Amino acid sequence: MSTPADAAARGLRVTDLTVVYPGAQEPAVDSVSLAVRRGQTIALLGPSGCGKSTLLAGIVGITAPDSGTVAFDGEDVTHVPIHRRGFGLVFQDGQLFPHRTVAGNIAFGLEMARVPAAERETRVSELLELVGLTKYRDQPVANLSGGERQRVALARSLAPRPRLLLLDEPLSSLDAELRSRLAGEMRDILARTGTTAILVTHDPTEAAAIASEVHRMEAGRILTRD
Ligand code: ADP
Ligand code: MG
């Protein structure tokens with residue numbers, strides 16, 4: 001096991017992060033501390049409403065925390081704008097751009113980062129290959145199944161090579177059989193790309209299938225380590 005100093009030096013370190021929604025009695029995220037080493041995937045497992053999405057929003061920068069810090073590789077990014085953190089997020093329902101093709105969706109973050117067209121093409125092809133969707137390259141995403149859509153969402157978020165990927169119940173909208181197959185694929189893809197990731201889910205099987213370490217969350221807090 002790494003020491004906190006190692007983790008702070010290479011990877012994500014969240015310290016005493018607290019988020020209180022206006023008017024709420026209790027914090028949605030209550031003094032959460034956690035570390036993720038570079039290349040590691042951890043899972044946070046907890047019931048609906050326990051603060052999983054709020055914690056991810058606090059880490060990625062969508063929601064400003066009331067207190068606490070987020071650091072990556074020892075650099076405090078708590079007040080760094082979202083687009084400069086180099087973090088990616090995958091949602092439960094993918095949130096794909098409905099009027100773009102599969103390739104167009106995967107290229108999105110690269111366009112935002114003004115990656116030149118030729119380089120973008122190469123990267124999109126790599127990602128299509130990685131998630132096994134090469135033959136759907138020019139299809140509108142509306143034609144895809146739920147599992148294929150989540151593969152596109154994963155490819156889109158990986159394309160700009162995020163230094164941290166946050167996965168918010170990425171398989172929860174899929175049926176059980178597909179969920180278990182995609183969980184295995186997702187684990188392989190994260191490992192092959194050396195991605196540092198946090199998965200949040202209410203599904204213990206999914207957590208165990210994807211992550212090397214599972215922490216339970218309840219009422220805004222991280223409880224134990226399995
Ligand atoms: P989870 O993702 O684990 O289901 P959430 O982070 O979505 O949990 O929610 C944690 C708590 O914060 C819940 O009590 C929820 O009702 C509340 N909450 C979530 N989003 C908001 C919001 N935008 N405004 C106020 N309360 C919210
Ligand atoms: Mg949620």
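Tutor: Q150, R151, L154, L182, E185, M186 and I189 line the largest cavity. On a 1 Å grid over the protein atoms alone, a cavity is a set of points where a 1.4 Å probe fits but cannot get out, and lining residues have an atom within 4 Å of a point. This is a predicted model, in which local features need pLDDT of at least 70, side-chain atom pairs count only at pLDDT 80 or more, and totals for chains, interfaces and linings use all residues. Residues are numbered from 1 along each chain as its sequence is written, and side-chain values use heavy atoms, without hydrogens and water.

Student: Which elements give two or more residues to that lining?

Tutor: α5 (146-158) and α6 (176-192) do. α6 has the largest share, 4 residues. Helices here are DSSP runs of H or I with at least four residues, strands are runs of E with at least two, and both are numbered from the N terminus.

Student: What volume does the largest cavity have?

Tutor: About 40 Å³, taking a volume as the space filled by probe spheres set on the grid points, which are joined across faces, edges and corners. A search of the whole structure finds 1 cavity of 30 Å³ or more.

Student: Now the open one. What is the volume of the largest pocket, and which residues are closest to its centre?

Tutor: The volume is about 700 Å³. Of its 22 lining residues, F87, G88, L89, G109 and P160 are closest to the centre. A pocket is an open set of points with protein on both sides within 12 Å along at least five of seven lines.

Student: Which elements supply at least two residues each there?

Tutor: β6 (87-90), α3 (102-112) and α5. The largest pocket also lies between domain 1 and domain 2, since both contribute to its lining.

Student: Back to α5. How many of its residues are buried?

Tutor: 11 of 13, where buried means under 20% relative accessible area with a 1.4 Å probe, protein chains only. Among them are Q150, R151 and L154, which also line the largest cavity.

Student: What covers the buried residues of α5?

Tutor: The cover includes β6, α3, α4 (117-130), β7 (164-168) and α6, with contact meaning heavy atoms within 4.5 Å.

Methods: Chains lettered and ligands numbered in written order. Domains from an automatic or database assignment. Buried < 20%, exposed > 50% of the residue type's maximum accessible area, 1.4 Å probe, protein only.
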